Amino acid sequence: RREAGAYAPAVTAVVRRHLRAGQCFVDVGASFGYFSVLAGSIVGPSGRVAAFEQGPQNQSLLLLNLAANHVTCADVHQMALAERRGICMYSHSGANGFISAFTGDAAQLATHSLVQVATLDTVLGDAAVDMMKVDVEGAEGLVFAGAERALKRCRPMLLFEFSPPSLAATSNVQGRELLERLAGMGYSLDVVEGADPRPEARSTTEILDRFEATPADHIDLVAWT
């Protein structure tokens with residue numbers, strides 16, 4: 001998303017301030033690779049980027065951007081992440097894509113593709129995770145449910161899009177429920193905005209009120225312990 005001539009400047013500022021050389025950055029919904037490239041340039045050869053992108057066209061751009069920017073520490077996974085293994089349907093819409101349940105009806109493949117689904121805990125195993133960026137069009141609740149072991153074990157900083165209507169439609173979870181689930185794990189939360197990348201803890205109600213007041217379809221949140 002472009003804001004005032006730059007791509008996601010507030011989120012970029014948080015990444016630049018808090019990510020360090022040698023760390024592990026997980027990019028869920030990597031799209032064309034902006035944040036994977038940014039993180040790769042910060043963590044360097046001693047670090048790791050784990051990028052997940054389910055759309056084949058976006059994955060090609062992701063690989064191209066990683067190669068063009070000489071990022072060699074990235075592992076790219078063409079799959080969706082959720083709370084359990086399986087397959088789902090993927091529909092392409094502009095630069096974004098959406099997942100939905102596959103009922104087994106082959107007729108659905110006329111307008112959708114099938115993609116593999118895994119949990120982040122399964123893919124990464126016991127690897128360290130220092131920061132996660134999650135932008136998956138309402139599937140954030142599913143991603144976090146499948147990453148619960150990593151969240152509790154590693155306490156990574158989380159950057160994610162927050163849209164209660166999308167969460168309800170795709171993850172079957174209410175916005176308040178997701179925020180309270182993260183808070184129950186010991187996370188503090190804030191809205192990512194402006195030029196100052198230093199977060200300050202906000203209540204669940206404050207964050208929900210901020211979403212209701214925005215003209216956009218989502219707000220960006222940061223969570224940390």
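In which helix is N65 found? This is a predicted model, and in it N65 belongs to helix α3, which covers residues 56-68. Partly exposed is the class that N65 falls into, because its relative accessibility is 25% and that class lies between the 20% and 50% cut-offs. Not counting residues up to four places away in sequence, N65 touches F32 and V37. A21 is 44 residues from N65 along the chain, and the C-alpha atoms of the two are separated by 20 Å.

Helix α3 is also the place of Q59. Is Q59 buried or exposed? With a relative accessible area of 13%, Q59 is buried, since the limit for that class is under 20%. Residues up to four places away in sequence aside, Q59 touches E53, V76, H77 and Q78.

The backbone of H70 has a positive phi of about 55°, although H70 is not a glycine. Most residues other than glycine have a negative phi. H70 is exposed, with a relative accessible area of 67%. A second residue of this kind is N172, which is not a glycine and has a positive phi of about 55°. N172 sits in the loop between α7 (164-171) and α8. With a relative accessible area of 68%, N172 is exposed.

Which residues of α1 are buried? In this helix, residues 9-18, they are A10, V11, T12, V14 and V15. An α-helix has 3.6 residues a turn, so residues three or four places apart point the same way. The cover over the buried residues of α1 includes the strands β2 (6-7), β3 (24-28), β10 (131-134), β11 (157-162) and β13 (219-224), together with the helix α2 (34-43).

Two packed helices are described by the angle between their axes and the distance between the axes. For α1 and α2 the angle is about 25° and the axes are 10 Å apart. Angles under 35 degrees count as roughly parallel, and α1 and α2 are therefore roughly parallel to each other. Their crossing is right-handed. On the α1 side, V11, T12, V15 and R16 take part in the contact, and they meet Y34, F35, L38 and I42 of α2. Sorted by class, the residues in this contact are six nonpolar, one polar and one charged.

How do α8 and α9 pack? Helix α8 (residues 175-184) and helix α9 (residues 204-213) have their axes 10 Å apart, at an angle of about 140°. The crossing of α8 with α9 is right-handed. From α8 the contact takes G175, R176, L179 and E180, and from α9 it takes T204, T205, I207 and L208. By class, these are three nonpolar, three polar and two charged residues.

One of the contact residues in α9 is T205, which is found in that helix. T205 counts as partly exposed, at 38% relative accessibility. Along the chain T205 and R176 are 29 residues apart, while their C-alpha atoms are separated by 8.0 Å.

In soluble globular proteins, nonpolar side chains tend to be buried together. Here the largest nonpolar core has 44 residues, and V26, M132, F160 and F162 have the most contacts inside it. What is M132 in contact with, leaving aside its neighbours within four places in sequence? The partners of M132 are V26, V28, L120, V143, F144, L151, P156, M157, L158 and L159. Another core, of 27 residues, lies apart from the largest one, and among its residues are V49, V71, M131 and V192.

F162, named above for its contacts in the largest core, lies in strand β11. F162 counts as buried, at 0% relative accessibility. Leaving aside neighbours within four places in sequence, F162 is in contact with L167, G175, L179, I207, L208, F211, H218, I219 and L221. Of these, G175 and L179 belong to the α8 side of the contact with α9, and I207 and L208 to the α9 side. Between F162 and A6 there are 156 residues of separation in sequence and 21 Å in space, C-alpha to C-alpha.

Conventions: Residues numbered from 1 in each chain as written. Predicted model: local features only at pLDDT ≥ 70, side-chain atom pairs only at ≥ 80, totals over all residues. Heavy atoms only, no water. Buried < 20%, exposed > 50% of the residue type's maximum accessible area, 1.4 Å probe, protein only. Helix = DSSP H or I, 4+ residues; strand = E, 2+ residues; numbered from the N terminus. Contact = heavy atoms within 4.5 Å. Axes fitted to C-alpha atoms, helices over the stretch in contact; angles between N-to-C directions. Parallel < 35°, antiparallel > 145°, perpendicular 65-115°, else oblique. Left-handed = near helix turned anticlockwise from the far one by under 90°. Nonpolar A, V, L, I, M, F, W, Y, C, P; charged D, E, K, R; others polar. Core = buried A, V, L, I, M, F, W, Y, C linked by side-chain atoms within 4.5 Å.
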